[in-house]
Amino acid sequence: MSMVVSSFKWSCCLQLVLFSLITNDGITKTPAYETALLHPVHISTVEVLHNPTDKSLEITCKIFWDDFEKILTKKNNNNRVDLTSEKQLEENKKLVAAYVGSHLGITIDNKSQSLVFIGFEKEDVVVYSYFEVTNIPTVQTVFITNKLMQDMFNDQTNIVHVIVKGQRKSTKLEYPNSTVKMDF
(Lines give C-alpha, C1' and ligand atoms only; values in the text may rest on other atoms or scores of the structure.)
Protein backbone atom coordinates (compact mmCIF):
# COMPACT_ATOMS: atom_id res chain seq x y z
CA MET A 1 0.00 0.00 0.00
CA SER A 2 2.80 2.43 0.82
CA MET A 3 4.31 1.76 -2.62
CA VAL A 4 1.06 2.96 -4.24
CA VAL A 5 1.00 6.11 -2.06
CA SER A 6 4.67 6.77 -2.82
CA SER A 7 4.04 6.35 -6.57
CA PHE A 8 1.07 8.69 -6.33
CA LYS A 9 3.17 11.33 -4.53
CA TRP A 10 5.92 11.13 -7.19
CA SER A 11 3.31 11.40 -9.91
CA CYS A 12 1.83 14.50 -8.23
CA CYS A 13 5.29 16.04 -7.82
CA LEU A 14 6.11 15.42 -11.47
CA GLN A 15 2.80 16.95 -12.57
CA LEU A 16 3.46 20.00 -10.36
CA VAL A 17 6.94 20.46 -11.82
CA LEU A 18 5.60 20.16 -15.38
CA PHE A 19 2.79 22.60 -14.59
CA SER A 20 5.34 25.03 -13.16
CA LEU A 21 7.41 24.79 -16.31
CA ILE A 22 4.40 25.32 -18.53
CA THR A 23 3.07 28.29 -16.53
CA ASN A 24 6.56 29.70 -15.90
CA ASP A 25 6.07 29.75 -12.10
CA GLY A 26 9.49 31.02 -11.13
CA ILE A 27 11.34 28.81 -13.59
CA THR A 28 13.01 30.31 -16.63
CA LYS A 29 12.16 28.57 -19.87
CA THR A 30 13.98 28.66 -23.15
CA PRO A 31 11.97 29.29 -26.32
CA ALA A 32 12.94 25.88 -27.68
CA TYR A 33 11.59 24.21 -24.56
CA GLU A 34 8.35 26.19 -24.77
CA THR A 35 7.88 25.09 -28.37
CA ALA A 36 8.62 21.47 -27.47
CA LEU A 37 5.96 21.60 -24.77
CA LEU A 38 3.37 22.97 -27.19
CA HIS A 39 4.07 20.39 -29.86
CA PRO A 40 7.20 18.27 -29.78
CA VAL A 41 7.18 17.67 -33.52
CA HIS A 42 7.55 20.13 -36.36
CA ILE A 43 5.21 19.15 -39.14
CA SER A 44 3.25 20.71 -41.95
CA THR A 45 0.78 19.27 -44.42
CA VAL A 46 0.20 20.24 -48.03
CA GLU A 47 -2.76 18.87 -49.96
CA VAL A 48 -3.02 19.29 -53.72
CA LEU A 49 -6.38 18.42 -55.24
CA HIS A 50 -6.93 18.39 -58.99
CA ASN A 51 -10.41 19.69 -59.79
CA PRO A 52 -11.13 18.49 -63.35
CA THR A 53 -14.41 20.42 -63.57
CA ASP A 54 -12.71 23.77 -62.88
CA LYS A 55 -9.47 22.61 -64.53
CA SER A 56 -7.52 23.73 -61.49
CA LEU A 57 -5.38 22.64 -58.58
CA GLU A 58 -6.70 23.49 -55.13
CA ILE A 59 -3.84 23.68 -52.63
CA THR A 60 -4.13 23.79 -48.86
CA CYS A 61 -1.13 24.25 -46.55
CA LYS A 62 -1.45 23.53 -42.83
CA ILE A 63 1.28 24.84 -40.47
CA PHE A 64 1.41 25.25 -36.68
CA TRP A 65 0.50 28.92 -36.12
CA ASP A 66 3.12 29.68 -33.42
CA ASP A 67 5.97 28.36 -35.56
CA PHE A 68 4.56 30.09 -38.63
CA GLU A 69 4.40 33.43 -36.81
CA LYS A 70 8.02 32.98 -35.67
CA ILE A 71 9.36 32.35 -39.16
CA LEU A 72 7.27 35.18 -40.64
CA THR A 73 8.57 37.51 -37.91
CA LYS A 74 12.13 36.46 -38.72
CA LYS A 75 11.56 37.01 -42.46
CA ASN A 76 9.89 40.37 -41.69
CA ASN A 77 13.09 41.93 -40.25
CA ASN A 78 12.06 40.70 -36.79
CA ASN A 79 8.93 42.89 -36.82
CA ARG A 80 6.39 40.91 -34.78
CA VAL A 81 3.80 39.12 -36.93
CA ASP A 82 0.43 38.34 -35.36
CA LEU A 83 -1.66 36.29 -37.77
CA THR A 84 -4.81 36.96 -35.74
CA SER A 85 -4.52 40.76 -36.00
CA GLU A 86 -7.26 42.39 -38.07
CA LYS A 87 -5.09 45.55 -38.29
CA GLN A 88 -2.27 43.58 -39.92
CA LEU A 89 -4.51 41.46 -42.17
CA GLU A 90 -3.42 42.90 -45.53
CA GLU A 91 0.28 42.82 -44.59
CA ASN A 92 -0.13 39.28 -43.20
CA LYS A 93 -1.70 38.13 -46.47
CA LYS A 94 1.38 39.38 -48.33
CA LEU A 95 3.74 37.70 -45.85
CA VAL A 96 1.92 34.35 -45.96
CA ALA A 97 1.68 34.40 -49.76
CA ALA A 98 5.35 35.33 -50.16
CA TYR A 99 6.63 32.77 -47.68
CA VAL A 100 4.62 29.82 -49.00
CA GLY A 101 5.19 30.91 -52.60
CA SER A 102 8.95 30.86 -52.09
CA HIS A 103 8.99 27.51 -50.23
CA LEU A 104 6.45 25.48 -52.21
CA GLY A 105 6.84 24.70 -55.89
CA ILE A 106 4.58 22.62 -58.10
CA THR A 107 5.35 21.31 -61.58
CA ILE A 108 2.62 19.58 -63.57
CA ASP A 109 3.61 17.48 -66.57
CA ASN A 110 7.03 19.17 -66.74
CA LYS A 111 5.58 22.70 -66.61
CA SER A 112 6.29 24.86 -63.56
CA GLN A 113 3.11 26.40 -62.13
CA SER A 114 2.44 29.75 -60.45
CA LEU A 115 0.52 29.58 -57.21
CA VAL A 116 -2.28 32.12 -56.83
CA PHE A 117 -2.88 33.05 -53.19
CA ILE A 118 -6.53 32.79 -52.13
CA GLY A 119 -6.27 33.52 -48.40
CA PHE A 120 -5.51 32.11 -44.97
CA GLU A 121 -7.24 31.42 -41.68
CA LYS A 122 -6.22 30.38 -38.19
CA GLU A 123 -8.09 27.47 -36.65
CA ASP A 124 -7.10 26.19 -33.22
CA VAL A 125 -3.31 25.71 -33.30
CA VAL A 126 -2.81 25.77 -37.08
CA VAL A 127 -2.93 28.21 -39.95
CA TYR A 128 -4.48 27.08 -43.20
CA SER A 129 -3.34 28.90 -46.32
CA TYR A 130 -5.07 28.40 -49.64
CA PHE A 131 -3.70 28.61 -53.17
CA GLU A 132 -4.90 27.77 -56.65
CA VAL A 133 -3.37 26.97 -60.00
CA THR A 134 -5.66 27.47 -62.99
CA ASN A 135 -5.76 26.03 -66.50
CA ILE A 136 -4.84 22.45 -65.53
CA PRO A 137 -7.22 20.24 -67.58
CA THR A 138 -5.34 16.98 -66.91
CA VAL A 139 -2.55 15.72 -64.68
CA GLN A 140 -0.14 12.89 -65.42
CA THR A 141 2.92 13.80 -63.32
CA VAL A 142 3.21 16.02 -60.26
CA PHE A 143 6.58 17.21 -59.01
CA ILE A 144 6.53 19.09 -55.69
CA THR A 145 9.27 20.96 -53.88
CA ASN A 146 8.22 21.57 -50.28
CA LYS A 147 10.68 23.44 -48.06
CA LEU A 148 8.06 24.85 -45.68
CA MET A 149 9.56 25.55 -42.26
CA GLN A 150 12.84 23.84 -43.14
CA ASP A 151 14.56 27.20 -42.74
CA MET A 152 13.36 27.17 -39.11
CA PHE A 153 13.70 23.55 -37.98
CA ASN A 154 16.17 20.84 -38.89
CA ASP A 155 13.70 18.19 -37.69
CA GLN A 156 10.86 19.43 -39.91
CA THR A 157 8.58 16.83 -41.50
CA ASN A 158 6.37 17.84 -44.41
CA ILE A 159 3.48 15.61 -45.39
CA VAL A 160 2.29 15.88 -49.00
CA HIS A 161 -1.04 14.56 -50.28
CA VAL A 162 -1.93 14.73 -53.98
CA ILE A 163 -5.37 13.74 -55.25
CA VAL A 164 -5.92 13.25 -58.98
CA LYS A 165 -8.91 11.44 -60.57
CA GLY A 166 -9.98 10.36 -57.08
CA GLN A 167 -6.64 8.64 -56.50
CA ARG A 168 -4.78 9.84 -53.41
CA LYS A 169 -1.01 9.54 -53.08
CA SER A 170 0.85 10.66 -49.98
CA THR A 171 4.42 10.94 -48.85
CA LYS A 172 6.47 12.22 -45.95
CA LEU A 173 9.44 14.51 -46.56
CA GLU A 174 11.82 14.63 -43.61
CA TYR A 175 14.44 17.38 -43.47
CA PRO A 176 16.53 17.88 -45.56
CA ASN A 177 14.49 16.04 -48.22
CA SER A 178 12.14 18.43 -50.00
CA THR A 179 11.09 16.94 -53.34
CA VAL A 180 8.66 14.29 -54.49
CA LYS A 181 7.43 13.09 -57.87
CA MET A 182 4.09 11.33 -58.28
CA ASP A 183 2.72 9.75 -61.44
CA PHE A 184 -0.99 9.31 -62.08
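Me: Quick one to start: what's the bridge partner of phenylalanine 64 in S6?
Reply: That's valine 126. Keep in mind that this is a predicted model.

Me: Noted. And how many bridges join S2 to S6?
Reply: Nine of them. S2 covers residues 56–64 and S6 covers residues 126–134, and the two strands run antiparallel.

Me: What about S5 and S6, how many bridges there?
Reply: Seven bridges, with S5 being residues 116–123, and this pair also runs antiparallel. As an example of who faces whom, glycine 119 stands opposite tyrosine 130 in S6.

Me: How many residues sit between S5 and S6 in that hairpin?
Reply: Two. One to look at in the turn is aspartate 124, which has a positive phi of about 55°.

Me: OK, zooming out. How many helices and strands are there in the protein chain?
Reply: Four helices and 10 strands. Going along the sequence, the pattern reads α-α-β-β-α-α-β-β-β-β-β-β-β-β.

Me: And what share of the residues is buried?
Reply: 39% of the 184 residues in the protein chain. On contacts, if you take those with a separation of 6 or more, 58% are between residues 24 or more positions apart.

Me: Let's do helices. At what angle do H3 and H4 pack?
Reply: About 90°, with the axes 11 Å apart. H3 is residues 65–75 and H4 is residues 89–103.

Me: So parallel or perpendicular, in words?
Reply: Roughly perpendicular. Angles from 65 to 115 degrees get that label.

Me: Which residues make the contact?
Reply: From H3 you have Phe68, Ile71, Leu72 and Lys75, and from H4 there are Leu95, Val96, Tyr99 and Val100. By class, that contact has seven nonpolar residues, one charged and no polar ones.

Me: Switching to charges. How many salt bridges does a search of the whole structure find?
Reply: Five. One of them pairs arginine 168 with glutamate 47, where the closest N and O atoms are 3.7 Å apart.

Me: Where do those two sit in the chain?
Reply: In distant parts of it: arginine 168 is in strand S9, residues 167–174, and glutamate 47 is in strand S1, residues 43–51. They're 121 residues apart.

Me: Are they buried, exposed or partly exposed?
Reply: Arginine 168 is partly exposed at 46% relative accessible area. Glutamate 47 also counts as partly exposed, at 27%.

Me: Which residue does arginine 80 meet in a salt bridge?
Reply: Glutamate 69, at 3.4 Å from N to O. Arginine 80 lies in the loop between H3 and H4 while glutamate 69 is in H3, so the pair ties together parts that are 11 residues apart in sequence.

Me: Of that pair, is arginine 80 buried or exposed?
Reply: Exposed, because its relative accessible area is 54% and the cut-off for exposed is over 50%. Glutamate 69 counts as buried, at 5%.

Me: One more pair. Which residue does lysine 172 form a salt bridge with?
Reply: Glutamate 174, with the closest N and O atoms 3.3 Å apart. Lysine 172 counts as partly exposed at 49% relative accessibility, and glutamate 174 is partly exposed too, at 39%.

How values were computed. Residues are numbered from 1 along each chain as its sequence is written. This is a predicted model: local features need pLDDT of at least 70, side-chain atom pairs count only at pLDDT 80 or more; totals for chains, interfaces and linings use all residues. Side-chain values use heavy atoms; hydrogens and water are left out. Axes are lines fitted to C-alpha atoms, for helices over the stretch in contact, and angles run from 0 to 180 degrees between N-to-C directions. Angles under 35 degrees count as roughly parallel, over 145 as roughly antiparallel, 65 to 115 as roughly perpendicular and the rest as oblique. Contact means heavy atoms within 4.5 Å. Ala, Val, Leu, Ile, Met, Phe, Trp, Tyr, Cys and Pro count as nonpolar, Asp, Glu, Lys and Arg as charged, and the others, Gly among them, as polar. Two strands pair if DSSP finds at least two bridges between them. A salt bridge is a side-chain nitrogen of Lys or Arg within 4 Å of a carboxyl oxygen of Asp or Glu. Buried means under 20% relative accessible area, exposed over 50%, partly exposed in between (1.4 Å probe, protein chains only).
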